[in-house]
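Hi,

Here is the structure I promised to send over.

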Amino acid sequence: MTKQILGSIALALTCLTAHHAVAKAPDTSKEYLVKLAPGAVNHFSTFSSLARTAGKAEILVGDWVKITDTQGNLNVHTLTTNNPAVVYVQPNYRIKLLENYQTQDQAVLKAISSHLSQAPQTTHIADNPAIPAAPEQSQGEDPLFNKQWGMIDNHVKEAWELANTKLLEAKPMVVAVLDTGVDYTHEDLLPNMWRNPGETGLDAEGRNKETNGIDDDQNGYIDDVVGWDFVSNDNKPYDLAVAPLELLKGGGNPGHGTHCAGNVAAAANNGKGIVGVAPNAKIMALRFISEKGVGTTSDVLKAIKYAVDNGALITSNSWGSEGEDPADQESNQALREMIQYAESKGTLFIAAAGNGHQGVGYNNDSDPNPAYPASYPYESIISVAAINSNGQLGSFSNWGKNSVDVAAPGVKVFSTTVEGKYSDTVIDFLGIVAHWDGTSMAAPHVAGAAALYWAHHPEKSWQEVKAAILQSVTQTPALQNKTSAGGKLNVLGLMQQP
Ligand SMILES: [Ca+2]
Ligand SMILES: [Ca+2]
Ligand SMILES: [Ca+2]
């Protein structure tokens with residue numbers, strides 16, 4: 001069997017395996033997101049009449065409600081005509097991971113079956129572990145730093161030197177990683193997990209707020225210490241992953257969120273593992289994509305709202321909205337409004353530019369073929385393409401002179417992986433090798449860079465932070481007509497900006 005890089009053919013696989021994915025993923029075909037007139041959410045008669053027609057109604061965020069058609073007789077028309085308070089109706093669009101490692105190669109599938117019958121693979125799915133206490137600070141070189149070509153290329157250590165004294169005193173920036181969850185027990189991530197100040201310490205009766213079963217900060221979430229799991233609706237946003245063979249057979253989550261989180265803010269100089277671009281930042285773990293690699297718009301709305309309302313000024317978004325109609329400017333109106341809400345609160349939205357266009361050929365130019373959410377026309381979005389260690393665009397990476405802003409390391413990226421490990425390889429099995437390749441890997445580098453610079457310049461606005469990132473890029477011919485900034489992320493250059 002010839003070796004192949006599966007990451008680069010993920011696009012074709014997505015296309016071929018669409019019907020399998022539908023069978024395994026949550027069925028959102030009977031779900032609608034409905035926007036009501038201002039205040040109508042609080043009118044019991046409006047809401048109960050909607051619930052009566054539909055079967056099930058859930059208040060989401062703002063004026064948006066999720067309607068589940070349990071009786072099978074609803075459509076956009078019936079929802080709007082029978083309810084004068086309804087302003088807008090849309091599908092509950094599915095959200096997916098940008099990378100897919102599922103194969104349709106019959107020879108490979110046969111080899112997997114044979115292997116599984118001899119040595120059954122357990123998946124990594126386990127009960128969510130408890131959230132450990134924040135550890136004592138340890139010191140020492142990070143032994144795996146030399147495997148992080150992206151950090152070396154960006155001269156992150158020299159960049160930290162420029163800011164050292166000031167950064168030690170700076171208030172840590174909170175970066176929300178909206179993804180499959182994070183292995184918050186990982187030795188190199190645990191020290192930099194966000195600890196919700198409203199849910200730590202002791203309550204009036206001397207109990208630990210982290211575990212007292214009370215929503216101490218009254219934000220609507222009980223004991224939300226490091227973030228929230230919007231899939232299971234609990235306080236343990238652990239990154240449930242599937243084993244490599246299961247990935248090849250059925251797709252799913254390879255531990256995506258944990259890999260992304262490491263490049264944002266893995267602990268530095270702690271004698272362990274790797275470093276993130278912003279080792280002074282804190283990671284807020286918001287899980288809305290399940291172990292199947294799929295999530296919903298309704299859950300990401302709640303996750304973005306949580307991030308913004310609980311102190312994250314930067315969100316890292318390595319995911320795509322599926323099935324939107326580029327010709328319809330309002331297609332996923334609910335998601336658009338939530339990103340505008342985040343912008344109105346002064347938040348930067350860092351988005352992976354996307355890997356190819358959902359199986360439609362190999363035209364990766366996002367200008368004529370927008371990929372969402374990266375291509376939405378909001379200023380607070382920074383859309384990120386992926387480059388390899390030679391500064392060339394990854395063959396899978398989207399680009400766009402007007403619609404993609406900057407490129408960052410996204411081919412064979414080394415980072416933290418689930419169960420306390422580190423790797424640049426997702427699958428190395430039966431002669432098949434797939435590395436951690438993707439614009440998903442590139443976006444967290446930019447999220448980390450934004451956090452590092454912003455902590456150094458807390459007086460700056462999101463507009464100024466974005467401008468500094470784009471102005472400081474290393475210009476290269478390869479990226480000249482492929483990104484609006486014409487170059488690749490340059491963390492050292494960014495920290496030299498005023
Ligand atoms: Ca709470
Ligand atoms: Ca509590
Ligand atoms: Ca480390």
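First, the housekeeping. This is a predicted model, where local features need pLDDT of at least 70 and side-chain atom pairs count only at pLDDT 80 or more, while totals for chains, interfaces and linings use all residues. Residues are numbered from 1 along each chain as its sequence is written, chains are lettered from A and ligands numbered from 1 in the order in which they are written, and side-chain values use heavy atoms, with hydrogens and water left out.

Asn-270 is buried at 7% relative accessibility, whereas Lys-272 is partly exposed at 31%. (Buried is under 20% relative accessible area, exposed over 50%, partly exposed in between, with a 1.4 Å probe and protein chains only.)

On to the rings: the whole structure has 11 aromatic pairs. In one of them, Trp-64 and Tyr-88 are edge-to-face, with centres 6.2 Å apart and planes at 80 degrees. (Rings of Phe, Tyr and Trp, its six-membered ring, pair if their centres lie within 6.5 Å; planes under 30 degrees apart are stacked, over 60 edge-to-face, the rest tilted.) Trp-64 is buried at 4%, and Tyr-88 is buried at 17%.

Cheers
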